[in-house]
Structure formats: structure tokens, C-alpha cells
Amino acid sequence: MNIRMKSLIRILLTSAAIFIPLYFVFTAFIGGDTPAPSSAHAQEAQANDGKLFDETYQFIFFATLEGLYRDGVSSADVDSLLATKGKDGGYLNFIYTCPICMPVEDAIVTYKLRPGITHTKTENFQTEERTFGFGLPKEVSDALRSEKAGIRLKAVNELVSKWISYRMDHSSLTDTQKKNLIEELGKRRKEGMNALRSFASNMHGQNSMKFYAAGYEGGDECAVCNAALQMPLKLKSP
């Protein structure tokens, strides 16, 4: 086989490697022959989404998001709330899979990406931080940066407790609806505590606390779960 033929074959193979994947991407994008999901599959997916983002999840999420805006939590304090244990560790203030921690954390991440508020001309804290309030008290900000878990998680507990309490008091929920919500929050708190215990016992591999509940070593209560039920935080270690 001469050099020209070898070059031609190399070109053809290279072209095929590039254009064949692109063909499948294009046909998937425009529909192609890919069958549309069945109505049963779509209904199942919708039902699963409904369970994940149910009314309780949304209550916690919006209570947190509203509180962040109303208090005017700064971007620096947001970073403290979302701090992790090094580059590879988990969140210091939240427990992975906890059904109360997750909507709180999701709301903080959403707030972190907040757009600017362009209807004001005065250059002050509110416009710079793109929020409504004037920031957290210095002692709270300092507590969120503390290396001591007890101090940091106590501040998280009190913040989330205040945000959820405010929404509970200012919502249009009936007494029965509030009672049902509190009962559901109680169930989810138990799930969060069970998750913490499973991570503490390394049921999910060595160093599972580092990845899934990094800030709770030595603790047996979830700061966010307790906050949802207006319960102060009790930790074994300071």
C-alpha cells in the first residue's frame, strides 16, 4: 500500500471519528428516529419530581431564600454558609441526603447566583450585595466563620430557625396545615438524624463523615433539622 493510499485511509477514519458522533448528537437534538417517551414514563417521571420537590421541600426552600433576601446576607457570609472541608470534603454546615438540609442548601446556592437589583441608584450595601436587607450582625458573621463547630452550627441553627419561623407565621396556612407541616418536618428530621448516624458509623465507607457530614464530627444533632422545628442545637463537642 503506497503512501497516498495510507494517507487517504487515515483521512477517512479521522473524518468518520468526527462526523459519526456529530450525526447522533444532531439526530438526538432534532428528534430523529428516537422514540418519544411514553405517557406512562412521563407520568412516572413527573410523579417522582413531585415527591422530590413537594410542598414541604418548597416551604423550606422559599423560607430560606426569603430570609436570605430579607436579611441581606452578604456574598461573604454565603460563602461561609457553603464552606466545605477542604477541596474534596463535604459541606461543613449541612448533612448530605438530609431532607431538610438539602432544600436549605439549594436555596443558598440559588441566592448565591442572584441577579442585580437595577431599580435603585444609591450605591449602598443593598445594591452592591443585590439584596433587600443590610447584612447580618457582625457577631453572626464571625460565628459563621468560626473553626469551632459548636459556635458555627449554633449560628446556622438560629438563622434557619428564624427564617422558617417567619414564613410559618406569615403564611396563609390553616392550623391543620401547620400541624401537618410540623409533623412532616419531624419525620424529615428523623431521616436527617439517621443519615448523620450512618455517616458517623462509616456505613458508607471510610471517612464518610468527611464527605457527607464534614462539620458534624463529634455531634449527634443536625443544626438545620433542629432549626426547622424551632429546637436549639445540642452538640457533644464545643
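Let's start with the core. In this predicted model, the largest nonpolar core has 49 residues. Within that core, I95, I108, V160, Y216, C222 and V224 touch the most other members.

Who supplies it? Seen by helix, at least two core residues come from each of α3 (55–71), α4 (75–81), α5 (101–112), α7 (138–144), α8 (149–170), α9 (175–200) and α11 (223–228). The top contributor is α8, giving 9 residues. As background: in soluble globular proteins, nonpolar side chains tend to be buried together.

Now zoom in on I108. Set aside residues up to four places away in sequence. What remains in touch with I108 is T64, L68, V78, L81, L82 and F94.

Next, a loop residue. S74 sits between α3 and α4. Is S74 buried or exposed? S74 is buried, because its relative accessible area is 11%, and the cut-off for buried is under 20%. Which residues does S74 contact, beyond its neighbours within four places in sequence? They are R114, F125 and E129.

Last stop: helix α9, where we find I182. I182 has a relative accessible area of 44%, so I182 counts as partly exposed. That class lies between the 20% and 50% cut-offs. Leaving out neighbours within four places in sequence, I182 contacts M168 and L229. Look at the second partner. I182 and L229 are 47 residues apart along the chain, yet their C-alpha atoms are separated by 7.0 Å.

Notes
Residues numbered from 1 in each chain as written. Predicted model: local features only at pLDDT ≥ 70, side-chain atom pairs only at ≥ 80, totals over all residues. Heavy atoms only, no water. Core = buried A, V, L, I, M, F, W, Y, C linked by side-chain atoms within 4.5 Å. Buried < 20%, exposed > 50% of the residue type's maximum accessible area, 1.4 Å probe, protein only. Helix = DSSP H or I, 4+ residues; strand = E, 2+ residues; numbered from the N terminus. Contact = heavy atoms within 4.5 Å.
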